[in-house]
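Please keep the sequence and the 3D view at hand.

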Amino acid sequence: MAATRVLLLLSGNSESASFARSVCGILGAGPELGPWPTYCSFKRGHLVLSARPFPGASARLPLQRPPFCPFAALDQQPRASAPELPTNRGVDLGVAVVLQSSDQTVLLTRRTRTLNISPNLWVPPGGHVELEEELLDGGLRELWEESGLQLPQGQFSWVPLGLWESAYPPRLSWGFPKYHHIVLYLLVISQESQQQLQARIQPNPSEVSAFMWLGPDVAAAVAATEDGAETTRTVPQDLPPSVPAVELQEDGEFQPLAVPMSTLLQTTPTTAEAKERVSTGTKFALRLWLQHLGSVTPPPCKSGARMDPGPAKEAPNMDPLPPSQGSGKQSP
């Protein structure tokens, strides 16, 4: 089997997550929408997940998948009629940075139309975690590669928000899945303002075509348009008709852009198309960010301090960890 990035702890034994099966399903997800509390640890480039506490677990985080997750749908099909999916592949590990300014706005980037995976979607900066790479290092590297932003040491803190099971294509109606990831969303809280951060942004034109900052009100409206939910959450009536953004031109210059609110409220279409919208996983991350804003944040711990899971509870945030000061390293 190829290098395994996501491991599951089942009945006390560690085994690689299979590409062809839903991670949420293996860990006991039922028919409800979730999220499901999941214990995890990250060591030597591998993420270990379990539905139960285990020695070495460093966090208890919400794990979620979209209601239309193709791997969940395939799990329900008889094995005889199931498609032939790769048996020599595991589940890849990704990280995405929800960068919060001191003004309490968060950065989203629009992926270019030419990308093979999730083109034209609004997402936080992120990508694959490299082998032997620390989580925060991977997130900050992706932030720099996509936006050109490098955060000064000692001027930010960070905390894990949650885990998202991602597939592409995202629906079986688009075709059988070719990619399977567990994405860890990291909240990185900068001491710099949106204006200070934006002055340094230099997007990578091969990956990013535009960027914007969302405040809590607009983020709440976007997060309320949950893909696949049986009931639609209430969307405020006093939303602006558009949200200001910055678009990268072919000559490398910036141009102001007004993104219609209706675009940000789009949900995943049933047919394959590169429709501009906010990704389903990003909506999940925005909900977690808003919950974090509304929570009482414990004092930051010193960099390198061990992060232990807190007492079990049923809140969607599960057990958010105390923010760590930006050092580029996560505790073992």
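What share of the 332 residues of the chain counts as buried? The share is 51%, where buried means under 20% relative accessible area, exposed over 50%, and partly exposed in between (1.4 Å probe, protein chains only).

The model is predicted: local features need pLDDT of at least 70, side-chain atom pairs count only at pLDDT 80 or more, and totals for chains, interfaces and linings use all residues. Residues are numbered from 1 along each chain as its sequence is written, and side-chain values use heavy atoms, with hydrogens and water left out.

**Overall picture**

The chain holds 7 helices and 16 strands. These are DSSP runs numbered from the N terminus: helices are H or I with at least four residues, strands are E with at least two. Take the contacts (heavy atoms within 4.5 Å) with a separation of 6 or more: 71% of them join residues 24 or more positions apart.

**Salt bridges**

Side chains of opposite charge can pair when their charged atoms come close. A salt bridge here is a side-chain nitrogen of Lys or Arg within 4 Å of a carboxyl oxygen of Asp or Glu. The count comes to 7 salt bridges. Three of these pairs are tabulated.

| Salt bridge | N to O distance |
|---|---|
| Arg110 and Glu276 | 3.3 Å |
| Glu130 and Arg141 | 4.0 Å |
| Glu142 and Arg141 | 3.1 Å |

Arg110 pairs with Glu276. The two belong to distant parts of the chain, 166 residues apart. Arg110 is in strand β7 (residues 106–111), while Glu276 is in the loop between α6 (261–264) and β15 (277–278). Arg110 is buried, at 8% relative accessible area.

Glu130 pairs with Arg141. Glu130 lies in the loop between β9 (126–128) and α3 (135–147) and Arg141 in helix α3, so the bridge ties together parts 11 residues apart in sequence. Glu130 is partly exposed, with a relative accessible area of 42%. Arg141 is buried at 18%.

Arg141 also bridges to Glu142, which is buried at 7% relative accessibility. Shared partners join Glu130, Glu133, Arg141, Glu142 and Glu145 into one network of salt bridges.
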